Amino acid sequence: MVKNQAFTVAITGPDSLFRREIRGSLSEERFEILWEAEGYENTILELEKLAPDLLILSLPDCDVGLISFLEETLSQRFPSTRKLLVAPDPSVSGILPQLLRAGLKGYVVNEDVSSVYNAAIVVLQGGYWLSQCIAEKMFQEAAFTQPVALAPGGFTSREQEIFRLMGRGLSDEEIAQSLGISQRTVRFHLRHILDKLGVATRVKAIIRALFDLRD
């Protein structure tokens, strides 16, 4: 990504006030808002006219209709447009892997709307973004009780220990304290974990390990 590159963005959602809040969180120097739409039909019409780099969907909830819309329409017809969702914390966490497999690249909960700017940058750089509350729920449910089989050659026992603790949301310092090793050693192993999984960030590593998602 070119430093300070400007991106085109579109926002869709039924609540005009919340769309305005999302728009206000985006820097005018980095993002050009091409258009806003209220519903799926208008979104498709606008995408056909001019597809932005990023589509932000602001929705009141998540359901199977959203999954179908992402997978069967947005991802197939507009694959170059990245998709970021702003919605309430999902009551059914099992919907998250379905959304990710359908093409969603980021999920920001409504209470975390101020992070839309950072989420947009990460997603446009090819990464994934999850609000902390969603990431923690996903980590806790996964528990990482099984060794990760996605890494060529597998993980060492120490790497598995560190990866499981990372999955629980622990910081480098907390992992180091838990295992009785230095933070430098933790970072050394984390670098190897990310390299083996072929990813650049912790969130991407977790998503890759849990859902076997590849760009």
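This note goes through a sheet, a helix pair and one histidine in a predicted model.

1. Basis. The model is predicted, with local features needing pLDDT of at least 70 and side-chain atom pairs counting only at pLDDT 80 or more, while totals for chains, interfaces and linings use all residues. Residues are numbered from 1 along each chain as its sequence is written, and side-chain values use heavy atoms, with hydrogens and water left out.

2. The sheet. Six strands form an open sheet in the order E2-E1-E3-E4-E5-E6, with parallel pairing, where strands are DSSP runs of E with at least two residues and helices are runs of H or I with at least four, numbered from the N terminus; two strands pair if DSSP finds at least two bridges between them. Strand E2 (31-37) and strand E6 (129-130) are the edge strands, each pairing on one side only. Strand E3 (residues 54-58) pairs with strand E4 (residues 82-87) over five bridges in the parallel sense, and Ile-56 stands opposite Leu-84 in E4.

3. The helix pair. Helix H7 (residues 157-167) packs on helix H8 (residues 172-179) at an angle of about 130 degrees, with the axes 10 Å apart; axes are lines fitted to C-alpha atoms, for helices over the stretch in contact, and angles run from 0 to 180 degrees between N-to-C directions. Arg-158, Glu-161, Ile-162, Leu-165 and Met-166 in H7 meet Ile-175, Ser-178 and Leu-179 in H8, contact meaning heavy atoms within 4.5 Å.

4. His-189. This residue lies in helix H9 (residues 183-197) and is buried, with a relative accessible area of 15%, where buried means under 20% with a 1.4 Å probe and protein chains only. Leaving aside neighbours within four places in sequence, His-189 is in contact with Arg-158, Glu-159 and Ile-162.

Terms used:
Buried < 20%, exposed > 50% of the residue type's maximum accessible area, 1.4 Å probe, protein only.
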